[in-house]
Amino acid sequence: MTGVRAPGWEAPVTVTELVNAGTLAGARMYGAGENPVRGVRIVDELSVLGTVAPHTAVVLIGTAASGGWAVEMAMRRAWEQAAACVIAPSAGLSESSGEVLAERLGITLIFVDEDPLLVAVRVASAASRPDAARMQLVARCATRLAEAGTSARRVLGVLNAELPGTSVAFLDRHGLLLAGRRDAAAGGRPEGEEAIGGWSAQAEVPDQEGGVLGTLVAGGSSRSPGWPSVVRTVLSLAVAPLTAWAARERLRACRDFARQASLAERLLAEAATTEADLASADGTASASATAVPEEEAGAVRMAAVALGWPVRGPLTGYQVRPASGAGDAALAQTLITAALGQVPVTVRGEGWAGWSALDPAELTVRLERCLPTMPWPCSAGVGAQVPGLEAAGESLTGAEAAAAMAGPGTVARADEMGPAELLGALPSRALRAPATVILRPLLTIDRDGTLLETLAAVLDEGGALKAAERLGVHRNTVTTRLDRIKAAGFDLDDPATRLALQLACHVMLR
Amino acid sequence: MSRLIDLDELGRFSAGARVFATGAGDSPYHLALDWARSVAGKGVELVTAGELKPETLCVAVSLAGSTTALGEHLPRGDEPERAVRALERRLGERAGAVVALNLAAENALVPLIAAAMLRLPLVDGDGSGRVFPLVEQTTYALGGMSPAPLALAGGSGELILLETEAGRVEELLRPVVLAVGGWAVVACYPMAAADLARVLVPGTVSLLIRAGTPGAPRSAAAPFGVRRLCRGLILSVEGSTGHDAEVSLPSQPSSIVLREPDGMRRLVRLEAHNEIVLALADGAVVATVPDQICMICTGDGMVVDVDEARPGLEVDIMVVKAAPVWHTERGLALGGPRAFGIAL
């Protein structure tokens, strides 16, 4: 038994622990409850209080508990004796004045509904065997966790219900709250680094690759030396159900392309509305009509984390585009996730798209490995890296454009694309025939190709003077040739004509 | 050196008798004052016990029961005289002086009315130095005097003579008072002037006349000292438990919880059983009977009765020190916390 327990289990139980850990479950406590309890004394008349030892839990019965005045006097005398706490039957004193006096004297007052004598027996047992009392709590938590099954929300519900005075939260790897209490999340800090007047405990939930899927964080203000260690044990009991939860979610998503695709779309929509909210409300928390309800948003994000998808931090969009229409989406998802890891795969434009936490360079390498495994000829594009999910749309658009430009079997990066790449992506072969038709009047009179060359030079350089320099001829020569081109029926003053001619020249001369 | 309480002094006397008196409703108080004025004539002679011949029969006269009932069921006017005469008949001896049982509001005026009607002197002093709820809680009893035989005159002409051992007077008296309409005038503690001089708290009548003089400080009405415990805002008035069930008092125990509005901001609890028996501040005992603990409304300066206490009222809590004889072992047994059912 001793092997599984961290140090602290033998430390005397504190008053808070008595109330939190079930010995006095259901009792109302007023005051900090930080004192250790080393023994119990049943007090039936006030005069007995003079002989109470320090750190004793004083249980009032009989005349000592008979009225408000008696309980107040007992509290005062217990305080003078440095008792750990005063336990009184709830009928004895109006709770509001008890609360005031507990606060004023700094002594903890506990109201119980049960027979105080039974309470005294239980407190005595917990005080004499603190490790047994703590083990009892751990056992109860284990039972409740087993009942909760593989639901992250229910597991967190159990932890927060069974560890009163303690806030437990489940955070994703970026520290964002997935389930549980926000105040625990706020207190999340590296273990051992104590908050002022508080403590914290953590347990990591692994993902399928052995990384960190999320972290259970617990915190509270109890000063009991044994409590954090008990909480840590209980948290570690919750790791297995949470791992099972994540695995089950992943399994479901793998089997069902549509489900994970819809989740990805909802995630993007939610990120976009959150961004819009922040922009419109200047950071104040006013929900717009279009906003995804917070509860639902949390559920979406939680499902995404369970699947191991990146939901925060720098992201890069990708698109895989089959050359000849979309194929089997489920097969594509399997092959893409095999190469890229756990990423969403949705249908976008003429291909499959998603995002990854990898940077554009690494993502390009992975996609280059992925393309040959696809049963159809595909090209792929990688978008620019963006700071978070709210800007993922921008990166996806870039990836789509890059994929459109990339040649079959190649991967293009949007962040490395310029005009040359756009021109390079033009389907020159397909355009050659229409270009020949457009330029036919010119080609008919242009025996040696000088006129086409001159036209291209004038359009490229934006004027006769520079064209003459490029061609190494006199300016008047260029002017004369331009007159012949115009005579063939081309109006170079019309911008549309100019653009069409320049494109035609580019195709013909390439 | 006897002196005369004339109408002018009567006014001051009655005002002084109200300074720390609880249970003094306006209507019964004015009734008693009007009654006293109508019979006072040229005035009532005030003597010290020592000025009387030692064997002079002195009789304590007081109102018993509820003063509220007195305001509703008016007296015929002859009650004090009938009560004293009945006692004289039983003893076969004429009374030579009248003395008060205590000097709280109406209880101060009734012996004066009796003295005026019987044309007897009023002794300067009383059997309490403050007020206690029971006829037996007096310095007379502490000094070994018996309240019985006791004569009681009711407002509808009833006349009852009680003769029993000292400890049973209260028990017999209470149902009788209820039966005659809730109040009665009693004549009791018949004793010789020499005994009276030994057991009374002297000089309290003249003290209250001085205290009732306009401009006199409140402390003038407290011969043995008075201290202000604290100021408090009443948070709640609760029924109370935990009082010894063996102690039988005319009213039910209650508890008044207050908070000091500033300063130490202590939580104050006044435990009342007929009167305020115990004052706790943050659970520590700060005052108990036999000292008299009273609440004075900060708004109008009047004494706030336990029954009148209500949340939101701001009061000064004053402790009027009881006569030294109440702080002796016997005094505490008769008028200390235990006598009110609080085992400290």
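Which residue forms a salt bridge with B:E88? Point 4 takes this up. The notes below concern a predicted model.

1. **The interface in outline.** Chain A puts 15 residues in contact with 23 residues of chain B. The size of an interface is often given as the accessible area lost when the parts come together. Between chain A and chain B that buried area is about 1500 Å². Carbon and sulfur atoms give 57% of it.

2. The rule finds 2 salt bridges between chain A and chain B. One of the pairs in the model is A:R104 with B:D282, whose closest N and O atoms are 2.8 Å apart. On the chain A side, the elements that give two or more residues are α2 (68–80) and α3 (95–105). By class, that side has 7 nonpolar, 5 polar and 3 charged residues.

3. Side chains of opposite charge can pair when their charged atoms come close. Over all chains, the search finds 34 salt bridges. Take A:E400 and A:R348, which meet at 3.6 Å, N to O. A:E400 lies in helix α13 (residues 392–405) of chain A and A:R348 in strand β11 (residues 346–348), so the pair ties together parts that are 52 residues apart in sequence. How exposed is A:E400? A:E400 is partly exposed, at a relative accessible area of 26%. A:R348 is partly exposed too, at 24%.

4. The partner of B:E88 is B:R94, with the closest N and O atoms 3.1 Å apart. Are these two residues buried or exposed? B:E88 counts as buried because its relative accessibility is 6%, and the cut-off for buried is under 20%. B:R94 is exposed, with a relative accessible area of 60%.

5. **A pair within one helix.** B:E170 forms a salt bridge with B:R174. Their closest N and O atoms are 3.5 Å apart. Why are the two separated by about one helical turn? Both sit in helix α7 (residues 169–179) of chain B, and they are 4 residues apart, so about one turn separates them. B:E170 is buried, with a relative accessible area of 11%. B:R174 is partly exposed, at 23%.

6. **A network in chain A.** Salt bridges also share partners. They join A:R140, A:R144, A:E147 and A:E162 into one network.

7. **A buried serine.** A:S356 belongs to strand β12 (residues 351–356) of chain A. Is A:S356 buried or exposed? A:S356 is buried, with a relative accessible area of 2%. What lies 2.9 Å from a polar atom of its side chain? It is the backbone nitrogen of A:L358. Leaving aside residues up to four places away in sequence, A:S356 touches A:P310, A:P314, A:L315, A:T316, A:V343 and A:L363.

8. **Places to look first.** For a buried side chain with a polar atom 2.9 Å from a backbone nitrogen, turn to A:S356.

Definitions and conventions:
Residues are numbered from 1 along each chain as its sequence is written. Chains are lettered from A and ligands numbered from 1 in the order in which they are written. This is a predicted model: local features need pLDDT of at least 70, side-chain atom pairs count only at pLDDT 80 or more; totals for chains, interfaces and linings use all residues. Side-chain values use heavy atoms; hydrogens and water are left out. Contact means heavy atoms within 4.5 Å. Buried area is the accessible area (1.4 Å probe) that two parts lose on being put together, summed over both. A salt bridge is a side-chain nitrogen of Lys or Arg within 4 Å of a carboxyl oxygen of Asp or Glu. Ala, Val, Leu, Ile, Met, Phe, Trp, Tyr, Cys and Pro count as nonpolar, Asp, Glu, Lys and Arg as charged, and the others, Gly among them, as polar. Buried means under 20% relative accessible area, exposed over 50%, partly exposed in between (1.4 Å probe, protein chains only). A polar contact is a pair of N or O atoms within 3.5 Å; within protein, one must be able to donate a hydrogen and the other to accept it, and residues adjacent in sequence count only if both atoms are side-chain atoms.
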